[in-house]
Amino acid sequence: MISVDRLTSVPSLGLSYLAGTAGGARLVTWAHACDLPDPWEWVDAGDLMMTTGSGMPVTEEAQIDWITRLIDSKVSALVIAREPHAPEVSSALLAVAENRRFPILAASFDLHFVALARTVIESAVEGERYRIATITRLYDVYWQSLHARGSFDDRVSTLEGATGLTLEVRDTSSGDCIARGRNSARATATHSDVSVAKRSSPEVSVPVPGSGDAVLVAGSARVDPVSDRVLLQHIAGLIALELEHDAVRRDSLRASGQDLLLGLLDGSIAPSAVWPELRHRGMPGPVVAVCWTSPESSPLAHESVHLDTRLQRSAPLLTYRSPMLIAIAPHDVELLSALASKLAPNCVVGLSAPLKPSGDVAESVRQAQIAASRATSMGVTAVSYDELEGNSGVFPRSVEDTRRLVVRVLGPLVTHDAASDGELVESVRVFLANDSNWQRSADQLGVHRQTLVYRLKKVEQLTELKVTSTKGSALLWLAFEAANQARLSVSELVESA
């Protein structure tokens, strides 16, 4: 294809601008001669329309309407080789073209339209040959780069080298860069202090098919803008294959990571055995157990979280235990908080203390659960268990401490209820929740007030704690609240002891 500016630079054609020089970079795909009064019905977008002017209207108002409709048909430019009896071109027509940045070229009536059309067509044919050669080279170099086993960025750089473009793949939902070629990286660094208006070429975005929110962003390393959308669509197709392959790989990593995490939780796999695998998954630094949960315990949209662009460089171990998503992930609060926003509204995340190869993963997960519970009660997005270690609060600092407290204080009640189908644990819980109000508690439990009195005397016999005393009510309340903070039931804690 040839631009309007390049056509004016061909001496033998003798073309000159009447208006619209700002649109000189427009590309011409074909040439079409038309002297009919409605040329927009006979031309296509990208055409160079050639006329002797005989079909133009005479009045200024009619010429304004005529040129407006022609411009709206998306032709690239108009060449007027005016015959002697054709209407004069009005200044109002030229003003519309100038305002719309639409090139109007003057030519001698002696100009043979065939010569002009031949120039355009030869350029179009040559451009198509170049495009085919470029596309062929594109696939060849991409195939070679796949065998070279480089990174995604390396393959995008290869595509840049084959086309002379700057290329970047972006996630439009998050604004993150998925991959970027070296030309694009250099251009970004060069333009970091330069206004967009001064850059050499505007960017063009092309959707990557089948990828959801991914787009290919292309710029030109040359002065002329990117214009060959067919070429860009071929590149976007290769990027789509790349992303699909990467998604399959990450799906596989999630499945195998879940198996590893479940093995760590049930003790069938030692943490030290998994440490090399964590490095292979892009987690060579400190890792933590993580718990994401919604304050309303609503389901989390976790199915595709492992495909998030923020996890390009790492593949955490993930497993979903409704209503929680549990992970072994990099110790990166910003990353883990960003993932929380994708999982559910108001989703919170708790982080354990950093894991060690000799550590207890199940205990670390419980730490993360405690931290997530504390995040919910504090109304913040993320809490690290390390932040709680130095806390002088009254609650136990580990799940094991919580278990010991619950077993010591409430264990006899749990055992009694399990053996006799009793309701001592629930009776104490309701009594404390109602601030020791006998009648309100009895009504809530659906029993007579005297029945509640009998139950609490039984509690005192089993625990040696009087529920109505300061010490007794404080210890019992602390045991219940510690279990709530750990997101575990009292019976689970006692049974696991």
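What share of the contacts in the protein with a separation of 6 or more is accounted for by residues 24 or more positions apart? The share is 68%, where contact means heavy atoms within 4.5 Å.

Some background before the details. This is a predicted model, in which local features need pLDDT of at least 70, side-chain atom pairs count only at pLDDT 80 or more, and totals for chains, interfaces and linings use all residues. Residues are numbered from 1 along each chain as its sequence is written, and side-chain values use heavy atoms, with hydrogens and water left out.

The protein has 497 residues, and 46% of them count as buried. Buried means under 20% relative accessible area, exposed means over 50%, and partly exposed is in between, with a 1.4 Å probe and protein chains only. The protein contains 17 helices and 16 strands. These are DSSP runs numbered from the N terminus, H or I with at least four residues for helices and E with at least two for strands.

I will start with helix 13, residues 424-433. Because 7 of its 10 residues are buried, helix 13 is largely enclosed by the rest of the structure. The buried ones are Leu424, Val425, Ser427, Val428, Val430, Phe431 and Leu432. Just after helix 13, Asp435 has a positive phi of about 55°.

Next, helix packing. Two packed helices are described by the angle between their axes and the distance between the axes. Axes here are lines fitted to C-alpha atoms, for helices over the stretch in contact, and angles run from 0 to 180 degrees between N-to-C directions. For helix 13 and helix 15, the angle is about 105° and the axes are 10 Å apart. The two are therefore roughly perpendicular to each other, a term for angles of 65 to 115 degrees. On the helix 13 side, Leu424, Ser427, Val428 and Phe431 take part, and they meet Leu452, Arg455, Leu456, Lys458, Val459 and Leu462 in helix 15. By class, this contact of helix 13 with helix 15 has 7 nonpolar, 1 polar and 2 charged residues. Nonpolar covers Ala, Val, Leu, Ile, Met, Phe, Trp, Tyr, Cys and Pro; charged covers Asp, Glu, Lys and Arg; the others, Gly among them, are polar.

Helix 15, residues 449-463, also meets helix 14, residues 438-445, with axes that come within 9 Å and cross at roughly 100°. Trp438, Gln439, Ser441, Ala442 and Leu445 in helix 14 touch Arg449, Leu452, Val453, Arg455 and Leu456 in helix 15.

Now the second largest pocket, which holds about 750 Å³ of space. A pocket is an open set of points on a 1 Å grid over the protein atoms alone, where a 1.4 Å probe fits, with protein on both sides within 12 Å along at least five of seven lines; lining residues have an atom within 4 Å of a point. A volume is the space filled by probe spheres set on the points, which are joined across faces, edges and corners. Of the 29 lining residues, Arg155, Glu242, His245, Asp246 and Arg249 lie nearest the centre of the second largest pocket. Helix 7 gives the largest share of this lining, 9 residues. The lining divides into 12 nonpolar, 8 polar and 9 charged residues.

Last, two single residues. Gln63 sits in helix 2, residues 60-72, and counts as buried because its relative accessibility is 0%. Ala185, in helix 6, counts as partly exposed at 34% relative accessibility.

Conventions:
Parallel < 35°, antiparallel > 145°, perpendicular 65-115°, else oblique.
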